Amino acid sequence: QAQLVESGGGSVQPGGPLRLSCSTSGLVLDYYGVGWFRQAPGKEREGISYISSTGISTSYSDSVKGRFTISRDNAKNTVYLQMNSLKPEDTAVYYCAAVSGGRRGRSWLASSTYDYWGQGTQVIVSS
């Protein structure tokens, strides 16, 4: 069965970097687009980044554009989210999600686009 597991979360100071990993199993990652979402306390889940199955196309929300970078290594069945210049408002639980065959025109910002979800990893940004 398909499974996604996020890792790399933790506590960091404002301005610091952190790299999250989304390790997958039970699927051929080459055929899946992958998105990153986050949910802060008391707020709705927010789509922040997406990468196509080939890795050629990437998307970012305005809130993270220029600070976060999404990448993938299909040979390792893993997708990464490099987060730089972290701010306190980045504090949230971060989730990765995969969609078979790519999003096929569906919005990468919509949770309903994706077929599989990880359990999330906590990121806390504070001084």
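Residues are numbered from 1 along each chain as its sequence is written, and side-chain values use heavy atoms, with hydrogens and water left out. Because the model is predicted, local features need pLDDT of at least 70 and side-chain atom pairs count only at pLDDT 80 or more, while totals for chains, interfaces and linings use all residues.

**Stop 1: the disulfide**

Select Cys 22 and Cys 96. Their sulfur atoms are 2.1 Å apart and form a disulfide (a pair of cysteine sulfur atoms within 2.5 Å). One disulfide is found in a search of the whole structure. Cys 22 belongs to strand β3 (residues 18-25) and Cys 96 to strand β9 (residues 92-100), so the bond ties together parts that are 74 residues apart in sequence. Strands here are DSSP runs of E, at least two residues, numbered from the N terminus.

Look along the S-S bond: its torsion is about 70°, so the disulfide is right-handed. Cys 22 is buried, at 0% relative accessibility, and Cys 96 is buried with a relative accessible area of 0%. Buried means under 20% relative accessible area, with a 1.4 Å probe and protein chains only.

**Stop 2: Ser 49**

Now select Ser 49, in strand β5 (residues 46-51). Is Ser 49 buried or exposed? At 1% relative accessibility, Ser 49 counts as buried.

Next, show Ser 59. The side chain of Ser 49 reaches the backbone oxygen of Ser 59 at 3.0 Å.

Finally, display the contacts of Ser 49 (heavy atoms within 4.5 Å). Beyond neighbours within four places in sequence, they include Val 34, Gly 35, Trp 36, Tyr 60, Ile 70, Leu 81 and Trp 108.

Key. Helix = DSSP H or I, 4+ residues; strand = E, 2+ residues; numbered from the N terminus. Buried < 20%, exposed > 50% of the residue type's maximum accessible area, 1.4 Å probe, protein only. Polar contact = N/O pair within 3.5 Å; in protein donor to acceptor, adjacent residues only side chain to side chain.
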